[in-house]
Amino acid sequence: MFIKRTDLALEARELWQESAERTTRLMGVKATKSKLEGYPVTRVDILDHRGEEALGKPQGSYFTIDLTTFWQRKADFFERAVRAVGTELKALLPVEGSALVVGLGNAAMTPDAVGPLALDSVLITRHLLSAMPKQFAGFRPVSAFRTGVLGTTGVESAEAVRGLVAEVQPAMVLAIDALASRRCGRVCATVQLSDTGIIPGSGVGNHRAALNRETLGVPVFAIGVPTVVDSATLAADVLEESGVEKVDEERLRGEHDAFMVTTRDIDQQVRDLSKVVGYGINWALQDLEIEEMNALLS
């Protein structure tokens, strides 16, 4: 069976449905749809081992926020996106405690720069609470760390974060990363939130050590933006939509496995969505309005 690569739980569920009989019920998985700030939200809950086996993802909750209309830039599009991401993320997080926000990825490669860029918009307060406790008494302690990538640091992201967690002792870790989608329409048009942690590079076939509660000892919440599509997966979908019944799996992987596809204006899209993610984290962690975030970050 040809394995289509995706990091999105929503798409893993779609792939299962496409491969199963129409009358087959997906056991161990619950999906619900809603709208928040005008943006569609799909929640996929993987309830037990049956759901884990069917979707290939760990048990937990996955929220996919559809930001397709974000690019129409209608009234308050940025503020509404921030509130949508922040509200869903806040519902996942513990109500109190310090947070370590980790930006995964390679800042020198635009499709992989979501994590590092998002940290530019996150309010870092841990040191301010120590230096000026009265002025920042109402803020939650937040620290941040850009991991870099193994090829330039020689250190696995999980190793670096594990050491920092031991030193800083946060109540939670928020890990931001770029993801892979199976659909071009979801590239830079969705944000996925989950309470299951993350495996950096899994969507592009470059699995690294996991960042989750088991490896770090604290709850890990993942925030991801799909920025690429695996070319073999894209080709398979195009062939199937064209009516080709049998896809040459070996040829697709052999000729296309080294390629990832992204959008023409990926630079601007990654910058804009990274800012949405950063502000969304502030919305979830701090009792601030967006105008106040602008003033503190300026």
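# Reading a predicted model, feature by feature

Q: The side chain of N212 reaches the backbone nitrogen of E214 at 3.1 Å. Which other backbone nitrogen lies by a polar atom of the side chain of N212?

A: First, a caution: this is a predicted model. A polar contact needs a pair of N or O atoms within 3.5 Å, so the 3.1 Å pair counts. The other backbone nitrogen belongs to T215, and it lies 2.9 Å from a polar atom of the N212 side chain.

Q: Where is the place of N212?

A: Look at the loop between strand 7 (190-194) and helix 8 (213-216). N212 sits there. Setting aside neighbours within four places in sequence, N212 is in contact with T196, G197, G217, V218 and V220.

Q: Does N212 count as buried or exposed?

A: Compare its accessibility with the cut-off. Buried means under 20% relative accessible area, and N212 has 15%, so N212 counts as buried.

Q: Now the whole protein. How many helices and strands are there?

A: Count twelve helices and nine strands. The protein has 298 residues, and buried residues make up 49% of them. It exposes about 14600 Å², and carbon and sulfur atoms supply 50% of that area.

Q: What is the largest nonpolar core made of?

A: The general idea comes first. In soluble globular proteins, nonpolar side chains tend to be buried together. In this structure, the largest nonpolar core has 51 residues. Those with the most contacts inside it are F70, L174, I176, L193, I223 and I281. Helix 11 (residues 266-285) gives the most to this core: ten residues. A second core is separate; its 16 residues include L100, V165, V173 and V218.

Q: Which residues does I281 touch?

A: Leave out residues up to four places away in sequence. I281 then touches L89, V101, V122, L174, I176 and I223.

Q: How many aromatic pairs are there?

A: The count comes to four. Take F70 and F77. Their rings are 4.9 Å apart, centre to centre, with 70° between the planes. Planes over 60 degrees apart count as edge-to-face, so this pair is edge-to-face. F70 is buried, with a relative accessible area of 1%. F77 is buried too, at 18%. Ring pairs link F70, W71 and F77 into a cluster.

Q: Which charged end sits over the ring of F78?

A: That of K275. Its charged end is 5.3 Å from the centre of the F78 ring.

Q: How should I read a positive phi, and where is the place of R73?

A: Note it when the residue is not a glycine. R73 has a phi near 50°. R73 is in the loop between strand 3 (60-66) and helix 3. R73 is partly exposed, with a relative accessible area of 40%. Then see C188, which is not a glycine and has a positive phi of about 55°. C188 is in the loop between strand 6 (172-181) and strand 7. C188 is buried, at 1% relative accessible area.

Q: Where is H127?

A: In helix 5 (residues 126-131). H127 counts as partly exposed, at 47% relative accessibility. S143 is 16 residues from H127 along the chain, and their C-alpha atoms are separated by 8.1 Å.

Q: Finally, S298. Is it buried or exposed?

A: Exposed means over 50%, and S298 has a relative accessible area of 79%, so S298 is exposed. S298 is in the segment after helix 12 (290-297). The S298 side chain reaches the backbone oxygen of A295 at 2.8 Å. S298 and S121 are 177 residues apart in sequence, but 9.7 Å apart in space, C-alpha to C-alpha.

Key. Residues are numbered from 1 along each chain as its sequence is written. This is a predicted model: local features need pLDDT of at least 70, side-chain atom pairs count only at pLDDT 80 or more; totals for chains, interfaces and linings use all residues. Side-chain values use heavy atoms; hydrogens and water are left out. A nonpolar core is a set of buried Ala, Val, Leu, Ile, Met, Phe, Trp, Tyr and Cys residues joined through side-chain atoms within 4.5 Å. Buried means under 20% relative accessible area, exposed over 50%, partly exposed in between (1.4 Å probe, protein chains only). Helices (H or I, at least four residues) and strands (E, at least two) are DSSP runs, numbered from the N terminus. Contact means heavy atoms within 4.5 Å. A polar contact is a pair of N or O atoms within 3.5 Å; within protein, one must be able to donate a hydrogen and the other to accept it, and residues adjacent in sequence count only if both atoms are side-chain atoms. Rings of Phe, Tyr and Trp (its six-membered ring) pair if their centres lie within 6.5 Å; planes under 30 degrees apart count as stacked, over 60 as edge-to-face and the rest as tilted. A charge sits over a ring if NZ of Lys or CZ of Arg is within 6 Å of the ring centre and within 35 degrees of the ring normal. Accessible areas come from the Shrake-Rupley method with a 1.4 Å probe; for residues, only the protein chains shown count as cover.
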